[in-house]
Amino acid sequence: MNTAISAIYYVEAPDKCDLDLIDPRANIDYFDPGLTFAGEGKNLRLRCEPGELIMFPGWLKHTVPFFADDGVRISMS
Ligand SMILES: [Fe+2]
């Protein structure tokens, strides 16, 4: 992936918007970003509010949990 920064803007949701960030470095031996973070190789769930802009390193894997509410969830990435 050649993306320096990934960004998600949460436009609308009936409640919080969960975002899972997954550190891929534990499974990639050859990738060395030159940085060391506490909790390297760990996963993190962010609880975001509509109206928030979330930015993170482009190499960080990410996903959202299944959405089953009757309302709408709109985000731009
Ligand atoms: Fe994405």
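## A bridge between two strands

Tyr10 has Ser75 as its bridge partner in β6. The strand is a DSSP run of E covering at least two residues, numbered from the N terminus. β1 and β6 are joined by three bridges and pair in the antiparallel sense; strands count as paired if DSSP finds at least two bridges between them.

This is a predicted model, in which local features need pLDDT of at least 70 and side-chain atom pairs count only at pLDDT 80 or more, while totals for chains, interfaces and linings use all residues. Residues are numbered from 1 along each chain as its sequence is written.

## The sheet

Strand β1, residues 5-12, also runs antiparallel to β4, with five bridges between them. Within this pairing, Ala7 stands opposite Met55 in β4.

The open sheet is formed by three strands in the order β4-β1-β6, with antiparallel pairing. Because β4 (53-57) and β6 (74-76) stand at the edges with a single partner strand each, one side of each is left without a neighbour in the sheet. On average, neighbouring strands of this sheet are turned by 25° against each other, direction ignored.

## The protein overall

The protein has six strands and zero helices. Its elements follow the order β-β-β-β-β-β from the N terminus.

Of the 77 residues in the protein, 4% are buried, a buried residue being one with 20 or more other C-beta atoms within 10 Å of its own, where C-beta atoms are placed from the backbone. Among contacts between residues at least 6 apart in sequence, 80% join residues at least 24 apart; a contact requires C-beta atoms, placed from the backbone, to lie within 7 Å.

Key: Helices (H or I, at least four residues) and strands (E, at least two) are DSSP runs, numbered from the N terminus. Axes are lines fitted to C-alpha atoms, for helices over the stretch in contact, and angles run from 0 to 180 degrees between N-to-C directions. A residue is buried if 20 or more other C-beta atoms lie within 10 Å of its own, exposed if 12 or fewer, and partly exposed in between; C-beta atoms are placed from the backbone. Two residues are in contact if their C-beta atoms, placed from the backbone, lie within 7 Å.
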